[in-house]
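Me: I would like to learn how to read a strand and a disulfide from a model. Please take me through one case.

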Amino acid sequence: LVYPFHNQTELREPGFDAQDVPTDAGPLRVYKHVGEAGAPIVIYFMGNVGALSAFAPMLRHHADAGRSVVAMGYRGGGGVSGTPSEDRLKADALAVYDSLPQLVGKDGPVIVHGYSLGTGLALHVAAERPVDGLILAAPYARLCELMAARSFLPACLIPGVQKWQSLNDARRVTAPSLVLHGTVDGLIPFGHGERVAAALEAAGSDTALVPIELGGHDDLFGKPGYLTGIDAFIEGIAR
């Protein structure tokens, strides 16, 4: 349910170069686009399709806006070797953040942007490292709740289950944040976005919750308010 990673297509997007980041589990493949000096730096964490090629339009949008972009591959997907797990992906995400000076320089504001599964990684980085902004698209409060609904098992209570409890990290984030969620999302219900936004606000983050009207889970990119909301948020931070 969490790591299907059927798509093994590597990203081949003009202007994006592959580079390996050192981690305690061996090299990790990332793809980067270097913008102008001082431009916002977006670290992008994708959904559980597991192949960045499926998210090329979002990466291209950030690049075309003049931003530097670093997109992390997930172990076991998109041609990246290794086995995914919650602990491993979160450790990899921190390693990518720590490698920003070598990847794109680090003289611009850093924004972490996560979609679906990747929102847990974006939240973890924002909780563990200084960032200037956080963008969450279709976040979950606790992924184990969704697992329980699909499997009819108490996944949040079973020892050893990778629970992905995003609320724990949200309660430690103070950077400005933007939460976008489709109002008719059938995979991660809109209420999860509301709970994450409430936890961020309670932690001291200046949080905006943007409902994407009639937005589902996989069609946010083309819905009114999605890209314009992201652009306005980043522009506000970059001023």
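Me: Which way do the residues of S5 point, and are they buried or exposed?
Reply: This is a predicted model. Buried here means under 20% relative accessible area. Val110, Val112 and Gly114 point one way from S5, while Ile111, His113 and Tyr115 point the other way. All are buried.

Me: Why is S5 largely enclosed by the rest of the structure?
Reply: The strand covers residues 110-115, and six of its six residues are buried, so S5 is largely enclosed.

Me: In which sense does S5 pair with S3, and in which sense with S6?
Reply: S3 (residues 41-45) and S5 pair in the parallel sense over five bridges. S5 also pairs with S6 (residues 133-137) in the parallel sense, over five bridges.

Me: What do S5, H4 and S6 make?
Reply: With helix H4 (residues 117-128), the strands S5 and S6 make a right-handed β-α-β unit.

Me: How many disulfides does the structure hold?
Reply: A disulfide is a covalent bond between the sulfur atoms of two cysteines. The structure holds one. Cys144 and Cys156 form the disulfide, with their sulfur atoms 2.0 Å apart. The link of Cys144 and Cys156 is right-handed, with 95 degrees about the S-S bond.

Me: Which parts does the pair tie together?
Reply: Cys144 lies in helix H5 (residues 143-151) and Cys156 in the loop between H5 and helix H6 (166-170), so the pair ties together parts twelve residues apart in sequence.

Me: Are Cys144 and Cys156 buried or exposed?
Reply: Cys144 counts as buried at 0% relative accessibility. Cys156 is buried, with a relative accessible area of 16%.

Notes:
Residues numbered from 1 in each chain as written. Predicted model: local features only at pLDDT ≥ 70, side-chain atom pairs only at ≥ 80, totals over all residues. Heavy atoms only, no water. Buried < 20%, exposed > 50% of the residue type's maximum accessible area, 1.4 Å probe, protein only. Helix = DSSP H or I, 4+ residues; strand = E, 2+ residues; numbered from the N terminus. Pairing = 2+ DSSP bridges. Right-handed = clockwise from strand over helix to strand, strands pointing away. Disulfide = S-S within 2.5 Å.
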